[in-house]
Amino acid sequence: MHYGSDFFAKRGGVDTIVPKLRGIKKEELGKQYYSRYTFALSNQDVIQTNLMYRCNIFNENGGTIFAKSGSFHSPNYPLPYSVSRDRVWIITNGQSNGSSITLSFDDFSVGKNDGTGICKNDYLDIRNGKGFLSQYLTQLCGNEKPDPVTVLGESIYIRLHSQLLNHKSPEVKKGFSVRFKTDECSKEMTSMQDSFSTPNFPARYNSNTDCVWQIQVPKGYRINITFKTFHLQGVDNKKGCLDYVDLRDGDSPFSTFLGRFCGDNNPGVVTSTSISFRVIFHSSSPHNETSAVGFSASYETVDIDECAEKLSECEQACINTKGGYLCGCRAGYSFIYGLYGTCVDKNECEENNGGCSHDCENTDGSFYCTCPEGHYLVQYGKVCTDIDECALKPCAHACKNYVGGFECLCNEGYEMNDDKRTCRDINECLSSPCPQTCINTEGSFKCSCNSGSILDKNTNSCKVLPSCGGILSESSGEVSSPLLPRPLPHDIECSWNILVPRATHMNIDVMVAWRRDEECSNHILIRYTDDTSDDNEKTVKICGREDLVGNRAIRSNDVWIEYHIETARKSEMSLRYTTKDSQCKKTLTGATGTIKTPGFPFKYPANTRCEWRIKNTVNRRLRLKFDIFDIETSEESSCKYDYLDITLRTSDRRYSRNMGKFCGSTLGRRVFRIDPGRELILVFKSDSTIHRDGFHAEFKMVRN
């Protein structure tokens with residue numbers, strides 16, 4: 001009801017109803033609240049008053065429409081509409097349940113759509129109801145004509161919003177032209193199951209018909225819709241579906257779109273994802289052009305298993321029920337008051353101490369009883385009784401039990417840890433009980449001597465072990481294991497170094513008496529530097545007879561033999577080696593070159609034979625000259641001990657001439673010439689006795 005400002009005054013002219021303006025902007029209450037001290041109604045006030053009194057007053061600038069059908073358009077249509085103003089149209093058809101209102105746009109050009117579905121500047125706002133707080137449906141903008149919009153109910157709210165022009169929006173659109181109509185084939189369905197069909201089914205449906213079936217079921221259910229019969233007007237090649245069924249998963253004409261179906265394209269069975277589902281039917285084909293009968297469909301509710309689909313609020317246990325679910329808590333937990341589904345630990349110790357005779361400890365979802373030291377639990381783990389702690393073996397070594405407690409003891413060579421239960425080894429080596437090396441062991445210690453020595457237990461001193469180690473420089477030799485006592489006082493280690501002149505390679509043959517064990521207790525290590533490998537540090541480990549491979553060729557002149565023995569039984573070992581000069585046999589074909597005795601400038605080795613062949617493959621003469629020559633001299637002139645034999649021959653070996661056998665210093669600075677196509681053969685031999693510095697010679701190409 002409406003009252004004047006002085007309606008309740010006792011005396012005329014006195015205003016008893018005055019609008020409250022403090023803290024409120026006039027623009028928020030209406031376009032103009034004051035006008036020369038005279039109160040005026042805002043546009044919204046006018047609209048609400050027209051709605052209250054069902055006044056059918058509207059034009060291109062808005063208004064209230066009470067009619068079942070009609071049309072209207074934006075201001076100045078088809079010319080551009082004015083900006084910076086909102087226009088509102090509210091359509092009410094005055095029908096009861098089962099009616100719907102459908103908007104069909106004949107022309108549309110409002111604002112701009114940026115391609116993301118968001119309207120910039122101008123747009124058309126549509127709501128299901130009579131006011132701006134009614135259910136929001138959609139915002140329309142752009143130049144594309146929208147599909148028909150059908151709402152279930154008696155009213156629809158349309159607002160045209162426009163803004164001032166700026167440099168970013170220089171274009172003003174012409175607006176829209178729209179028709180509306182009322183259909184009475186719509187229905188809101190809330191039963192657990194029901195059926196519906198197009199008007200006149202199974203006869204053919206009418207043209208220009210829009211129907212909405214809004215299905216709403218209780219929470220905890222989904223909707224299964226089955227289309228039994230489906231026959232609509234076919235698809236037009238240019239316009240697409242003239243008559244169609246739109247399926248929306250929700251309660252709005254703009255809910256999630258599931259598909260548009262026409263012709264004989266039966267949707268079949270469709271299941272919603274929520275408690276709402278909307279079926280929209282639209283026909284625009286002329287009545288005399290179709291024989292389609294429409295469709296018939298039914299639906300039923302399907303319980304949602306919130307537990308299996310993890311949709312419940314249950315924290316621990318969940319039991320599905322029809323249309324819902326029940327939450328539960330595991331043993332030892334209970335619900336929080338006011339927070340259904342949330343479980344918290346229940347403190348069992350608060351009630352009768354949990355049934356424990358002594359102490360009760362609460363845990364997450366349970367509890368346990370504890371006893372004082374010297375007691376243990378009996379009778380279902382709740383009653384404490386005295387125990388023999390030593391029967392539980394609490395000590396690492398020895399245990400001494402007494403009433404109400406116990407004491408741990410350590411074996412000899414150990415001392416007690418701070419926990420009074422475990423023992424730690426005493427490091428006897430800290431007191432230096434050994435002459436050389438002390439090895440601490442669990443509960444004891446062991447003395448050991450360095451390589452080449454053995455412990456004398458009587459004097460607690462280290463003595464040299466005969467035949468245990470040394471340096472060998474001969475071109476061949478043998479090492480054998482020392483004589484060892486039984487049992488061994490400690491692990492024995494011996495080291496031999498075989499060091500011969502450079503460019504000498506060795507052949508080593510090892511024999512051992514013992515067999516390999518898992519720990520490789522007794523073993524021999526052969527370490528050497530390989531002259532031919534980038535990774536030249538080499539180690540060969542022999543753990544027993546199984547590792548023997550016979551004669552080993554080693555390309556090195558510096559070899560270490562390490563003999564390690566932990567048990568004296570079958571510890572015998574023997575090793576033989578021989579050497580070979582790696583440069584003692586060569587064929588030289590270049591224009592220049594050098595020959596020298598092995599190890600030069602040091603003394604050459606014994607029992608050596610070397611051979612050099614200088615082959616002249618160039619077109620000029622070669623000249624060989626000795627700058628140093630020192631070989632053992634024999635009393636006779638035959639050079640029968642150490643010597644150098646020189647022979648000159650042709651490359652095809654048809655001609656050969658021995659140049660002589662030389663020793664001592666008889667060559668001096670003698671020169672040998674080698675013509676093209678010939679070769680000079682030099683053979684050097686040494687015996688096992690006297691060794692000298694050897695010789696050094698160079699050859700080079702000279703003019704003929």
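How much area is buried between domain 4 and domain 5, and what percentage of it do carbon and sulfur atoms give? In this predicted model, the area buried between the two domains is about 680 Å², and carbon and sulfur atoms give 57% of that area.

The protein chain is divided into six domains, whose bounds are set out below.

| Domain | Residues |
|---|---|
| domain 1 | 20–52 |
| domain 2 | 57–181 |
| domain 3 | 185–303 |
| domain 4 | 428–464 |
| domain 5 | 469–580 |
| domain 6 | 585–702 |

**The interface of domain 4 and domain 5**

Between the C-alpha centres of domain 4 and domain 5 the distance is 25 Å, and the contact involves ten residues of domain 4 together with eight residues of domain 5. Of the area that domain 4 buries against domain 5, 55% is supplied by Lys446, Ser451 and Ile454, which is more than any other three residues supply. Lys446 also takes part in a salt bridge, in which its side chain meets that of Asp491 at 3.8 Å, N to O.

**The cavity**

The structure holds one cavity of 30 Å³ or more, and the largest cavity has a volume of about 30 Å³. Its lining is formed by Val510, Ile542, Asp547, Leu548, Val549, Gly550 and Arg552. Taken by class, the residues lining this largest cavity comprise four that are nonpolar, one that is polar and two that are charged.

Technical notes:
Residues are numbered from 1 along each chain as its sequence is written. This is a predicted model: local features need pLDDT of at least 70, side-chain atom pairs count only at pLDDT 80 or more; totals for chains, interfaces and linings use all residues. Side-chain values use heavy atoms; hydrogens and water are left out. On a 1 Å grid over the protein atoms alone, a cavity is a set of points where a 1.4 Å probe fits but cannot get out, and a pocket is an open set with protein on both sides within 12 Å along at least five of seven lines; lining residues have an atom within 4 Å of a point. Grid points are joined across faces, edges and corners, and a volume is the space filled by probe spheres set on the points. Ala, Val, Leu, Ile, Met, Phe, Trp, Tyr, Cys and Pro count as nonpolar, Asp, Glu, Lys and Arg as charged, and the others, Gly among them, as polar. Domain bounds come from an automatic or database domain assignment. Contact means heavy atoms within 4.5 Å. Buried area is the accessible area (1.4 Å probe) that two parts lose on being put together, summed over both. A salt bridge is a side-chain nitrogen of Lys or Arg within 4 Å of a carboxyl oxygen of Asp or Glu.
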